[in-house]
Amino acid sequence: MEITDRVLRNFKVARTYQFKSEKVNCVDYSVNGDHAVSSGNDDCIVLYDIQSGRPAKTLYSKKYGADLIRFTRGAAHTVVYSSNKQDDAIRYLSLTDNQFIRYFPGHTARVTALSMSPENEIFISSSLDKTIRIWDLRLADCQGLTNPLGKPICSFDPEGIIFAAGVESHAIKLYDFRAFDKDPFACFETRFNRVCDWTGLKFSNDGKHILICTNGGAIRILNAFNGSVLHTFSGYNNSKGISLEACFTPDSKFVMIGSEDGRVHVWSIESGMKVAVLDSKHPGPINALQFNPLYMTFASASTNMVRTRRVHEGGGCLFELEVSTAAKSANNFMYLRVDFHLKKESSFDVHLKLIKAAIANVENKCNNLLVTS
């Protein structure tokens with residue numbers, strides 16, 4: 001189903017996960033959209049099952065802390081994450097058995113960005129030590145280093161051929177990954193009217209746009225080929241200079257960002273108009289925001305809370321159907337419920353089979369409970 005203004009306005013809060021953490025630092029979705037992961041200031045790493053809508057596992061990184069976190073491309077249960085305690089190394093972790101697979105030492109100051117290549121086992125990181133490093137998940141040693149001449153943030157393009165470096169909050173340099181040791185092949189300068197720091201850099205999935213996130217109450221969309229400014233979006237609350245994450249929708253047609261008052265603002269890239277303001281019920285600023293790459297859901301995170309949203313009406317590419325049945329005994333009723341997703345693209349016969357199977361499954365569970373009670 002196409003993402004439209006109306007669809008975006010119909011998003012409602014579907015799940016809320018509340019933690020003791022002072023702040024949820026980062027949220028990321030797996031490539032297949034089936035899982036999400038978050039990192040928090042309480043050193044916890046939480047894996048979420050998107051289909052069941054429940055946290056699947058909670059791990060702790062008490063010794064090193066957990067700041068930025070990204071799923072690897074190969075497996076949904078391995079991540080790389082940066083530290084905010086002890087050192088500035090990046091760690092490769094298996095969420096299945098809570099074992100470190102590899103350490104990536106090298107940075108000497110806080111890591112400001114992690115970006116996975118969409119094509120292979122490569123990822124890049126930027127740091128306040130004014131370097132961008134290239135890593136291979138299979139090797140502990142740094143595979144390449146570039147000095148963009150300033151404090152950088154970085155991101156791969158959707159094909160993994162180019163990566164962008166945002167330098168000193170005023171310039172974007174484009175590098176050919178195959179010749180990263182050479183000078184950038186393009187450089188664009190762009191300055192905001194207000195004083196702010198750039199906090200994030202992202203390519204749209206179609207590769208046509210670059211999104212600049214800031215802590216100054218404004219974000220900007222650039223043409224990825226010539227660096228021209230397409231839009232500067234503001235009008236959301238950020239009076240305290242908080243690092244608020246923005247993101248594209250998967251179809252590259254809209255951009256969204258959280259705000260200091262817990263709302264999510266959405267703009268159309270084509271028209272430049274604001275199309276939705278969603279009340280997320282967050283008690284504080286939304287510092288992390290990610291749209292699911294496959295399903296019609298997105299996640300927002302604030303001081304101690306992660307919320308997921310889905311389309312409230314049948315406007316999304318996925319429907320959630322709740323099937324309930326009851327088994328009666330002499331003294332009481334017992335109810336079980338099963339939730340599952342129907343793909344709108346599937347045929348009616350496929351939907352009917354899924355519904356019948358779900359009802360039969362619930363009835364069997366209720367009957368089994370009656371037999372054992």
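Ser126 lies in strand E11 (residues 122-127), where strands (E, at least two residues) and helices (H or I, at least four) are DSSP runs numbered from the N terminus. Ser126 has a relative accessible area of 0% and is therefore buried; buried means under 20% relative accessible area, exposed over 50% and partly exposed in between, with a 1.4 Å probe and protein chains only. The model is predicted, so local features need pLDDT of at least 70 and side-chain atom pairs count only at pLDDT 80 or more, while totals for chains, interfaces and linings use all residues. Residues are numbered from 1 along each chain as its sequence is written, and side-chain values use heavy atoms, with hydrogens and water left out.

**Surroundings of Ser126**

- The side chain of Ser126 makes a polar contact with the side chain of Thr112, at 2.7 Å.
- A polar contact is a pair of N or O atoms within 3.5 Å; within protein, one must be able to donate a hydrogen and the other to accept it, and residues adjacent in sequence count only if both atoms are side-chain atoms.
- Leaving aside residues up to four places away in sequence, Ser126 touches His107, Arg110, Val111, Thr112, Ala113, Thr131, Ile132, Pro152, Ile153 and Cys154 (contact means heavy atoms within 4.5 Å).

**The chain as a whole**

- The protein chain has two helices and 30 strands.
- Of its 373 residues, 54% count as buried.
- Among contacts between residues at least 6 apart in sequence, 44% join residues at least 24 apart.
- The protein chain exposes about 17,200 Å², and carbon and sulfur atoms supply 49% of that area; accessible areas come from the Shrake-Rupley method with a 1.4 Å probe, and for residues only the protein chains shown count as cover.

**Aromatic pairs**

- Rings of Phe, Tyr and Trp (its six-membered ring) pair if their centres lie within 6.5 Å; planes under 30 degrees apart count as stacked, over 60 as edge-to-face and the rest as tilted.
- By this rule the count comes to 18 aromatic pairs.
- The pair of Phe11 and Phe291 is edge-to-face, because the ring centres are 5.9 Å apart and the planes stand at 75°.
- Phe11 lies in strand E1 (residues 11-18) and Phe291 in strand E26 (residues 288-291), so this pair ties together parts that are 280 residues apart in sequence.
- Phe11 and Phe291 are both buried.
- Phe156 and Phe177 also form an edge-to-face pair, because their ring centres are 5.7 Å apart and their planes are at 65°.
- This second pair links distant parts of the chain, 21 residues apart: Phe156 is in strand E14 (residues 152-156), and Phe177 is in the loop between strand E16 (171-176) and strand E17 (186-189).
- Phe156 is buried at 5% relative accessibility, and Phe177 is buried at 18%.
- Ring pairs link Phe156, Phe163, Tyr175, Phe177 and Phe180 into a cluster.

**Charges over rings**

- A charge sits over a ring if NZ of Lys or CZ of Arg is within 6 Å of the ring centre and within 35 degrees of the ring normal.
- Arg91 lies over the face of Tyr64, 3.4 Å from the ring centre.
- Arg220 has its charged end over the ring of Phe192, 4.1 Å from the centre.

**Asn32 and its loop**

- Asn32 is in the loop between strand E2 (24-29) and strand E3 (35-40) and counts as partly exposed, at 35% relative accessibility.
- The side chain of Asn32 makes a polar contact with the side chain of Ser30 (2.7 Å), and a polar atom of the Asn32 side chain lies 3.0 Å from the backbone nitrogen of Asp34.
- Not counting residues up to four places away in sequence, Asn32 touches Leu294 and Tyr295.
- The C-alpha atoms of Asn32 and Tyr295 are separated by 9.0 Å, although the two residues are 263 apart along the chain.

**Cysteines**

- The structure holds zero disulfides, a disulfide being a pair of cysteine sulfur atoms within 2.5 Å.
- Cys26 is buried at 4% relative accessibility, whereas Cys187 is partly exposed at 45%.

- Asn98, a residue other than glycine, has a positive phi near 55°.
- Asn98 is in the loop between strand E8 (90-94) and strand E9 (99-104) and is partly exposed, at 36% relative accessibility.
- Ser169 has a positive phi of about 60° although it is not a glycine.
- Ser169 is found in the loop between strand E15 (162-167) and E16, and at 22% relative accessibility Ser169 counts as partly exposed.
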